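Here is a briefing on one protein model. Keep the sequence and the 3D view at hand while reading.

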Amino acid sequence: MEQSTGRAYIWILSGTALLAVGVQNFLEPAGLVAGGISGLGMILDDISRRLGMGGVPLWLVNTMCNVPLFLLAFRVQGRQFVGRTFVATVLFSVTLYIAAWFPRYTGDLLTASAYGGLLSGAGLAMVLRGGATTGGVDLAASLLHGTVFAHIAVPTLIFVLDASIIMLGFLTFGATNTLYALLAVGIMEKVLHLAAEGVNQKCAAWIYAKNSTGLSDKLIAAQVCVLQKIQIGMYTAEDGQLLFCVFSQKELSKVKQILANMDSDMGFLLMDVREVMGEMPTCR
């Protein structure tokens, strides 16, 4: 279901703000380059200076990497996606500038990597939820997911690309900063999975009962999606009914309470559901 344009840009603005704080106020002061085109630019700049070539401007690396990606994205994913990504890229630059005026964390590397990864992951998840990326590695991961690696989630591709850039920077930034940068990227990737793909996380359950008529009525009354199926002799020699239910995490305690108040013998098998899209009607 397509979200409204206004809501999409609210997600993008909020996400770029969080991402900017994570990078500008936690990762950058600690010298933790958690991947991205900016990290690649820093690596190329350092290598160029060591070879006596005078360095490579970061803006040039960003331009050379992002322009081809934007052109490819326009061809593959359409004008709307590219437009939102362009807005997200501009907003990210603006919020980075604003975040620079706020206090920066200069404490231990563990705290910097943890909070930097957490804020950056949450921010990227919001941007992705708004139907955009911030360009660079995020855009490259989105293009790879939409063309070559459709079976791999975008957050996983972002993690692989960022981790590869960080490993390239091992010689430049040293072992300690590299290891903490990998920790930050790992946290970022985990938050991305939870926030971007697990926003609609549900539970599912198989419930076996000898007579589930009253049970299904109570579950349906509690707004729990119920699919009922007659099952003969799977667990016992007697006939019984098998219910398949889908409900949210916060409704789990309510479902358990309903089961606890039933007198008949029953079995309960609980499962996690990664995501439910669309409307699932309550049915018998």
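Buried means under 20% relative accessible area, exposed means over 50%, and partly exposed lies in between, with a 1.4 Å probe and protein chains only. By that scale Ser216 is buried, with a relative accessible area of 3%. The model is predicted, so local features need pLDDT of at least 70 and side-chain atom pairs pLDDT 80 or more, while totals for chains, interfaces and linings use all residues. Residues are numbered from 1 along each chain as its sequence is written, and side-chain values use heavy atoms, leaving out hydrogens and water. Helices (H or I, at least four residues) and strands (E, at least two) are DSSP runs, numbered from the N terminus.

**Aromatic pairs**

- Rings of Phe, Tyr and Trp (its six-membered ring) pair if their centres lie within 6.5 Å; planes under 30 degrees apart are stacked, over 60 edge-to-face, and the rest tilted.
- The structure holds three aromatic pairs.
- Phe26 and Tyr115 are stacked, because their ring centres are 5.9 Å apart and their planes stand at 20 degrees.
- This pair links distant parts of the chain: Phe26 sits in helix H1 (residues 5-27) and Tyr115 in helix H5 (residues 109-129), 89 residues apart.
- Phe26 is buried at 16% relative accessible area, whereas Tyr115 is partly exposed at 45%.
- Trp206 and Phe244 form a tilted pair, because their ring centres are 4.7 Å apart and their planes stand at 45 degrees.
- Trp206 lies in strand E1 (residues 202-209) and Phe244 in strand E3 (residues 239-248), so the pair ties together parts 38 residues apart in sequence.
- Trp206 is partly exposed, at 31% relative accessibility.
- Phe26, Tyr105 and Tyr115 form one aromatic cluster.

**Strand E1**

- Six of the eight residues of E1 are buried, so the strand is largely enclosed by the rest of the structure.
- Two strands pair if DSSP finds at least two bridges between them.
- E1 pairs with strand E4 (residues 266-273) in the antiparallel sense, over eight bridges.
- Ala204 has Met271 in E4 as its bridge partner.

**Helix H11**

- Leu252, Val255, Ile258 and Leu259 are buried in helix H11 (residues 252-260).
- These residues lie on the same side of H11, because they cover an arc of only 125 degrees around the axis.
- The arc is that of the directions from the helix axis to the C-beta atoms.
- Ser253 and Ala260 are exposed, on the face of H11 turned away from its buried side.

- On a 1 Å grid over the protein atoms alone, a cavity is a set of points where a 1.4 Å probe fits but cannot get out; lining residues have an atom within 4 Å of a point.
- Grid points are joined across faces, edges and corners, and a volume is the space filled by probe spheres set on the points.
- One cavity of 30 Å³ or more turns up in the whole structure.
- The largest cavity has a volume of about 40 Å³.
- Its lining residues are Gly31, Leu32, Val33, Ile166, Phe173, Asn177, Thr178 and Ala181.
- Helix H9 (residues 175-197) gives the largest share of that lining, three residues.
- The lining has five nonpolar, three polar and no charged residues.
- Here Ala, Val, Leu, Ile, Met, Phe, Trp, Tyr, Cys and Pro count as nonpolar, Asp, Glu, Lys and Arg as charged, and the others, Gly among them, as polar.

**Contacts across the chain**

- Ser216 lies in helix H10 (residues 213-221).

Conventions
On a 1 Å grid over the protein atoms alone, a cavity is a set of points where a 1.4 Å probe fits but cannot get out, and a pocket is an open set with protein on both sides within 12 Å along at least five of seven lines; lining residues have an atom within 4 Å of a point.
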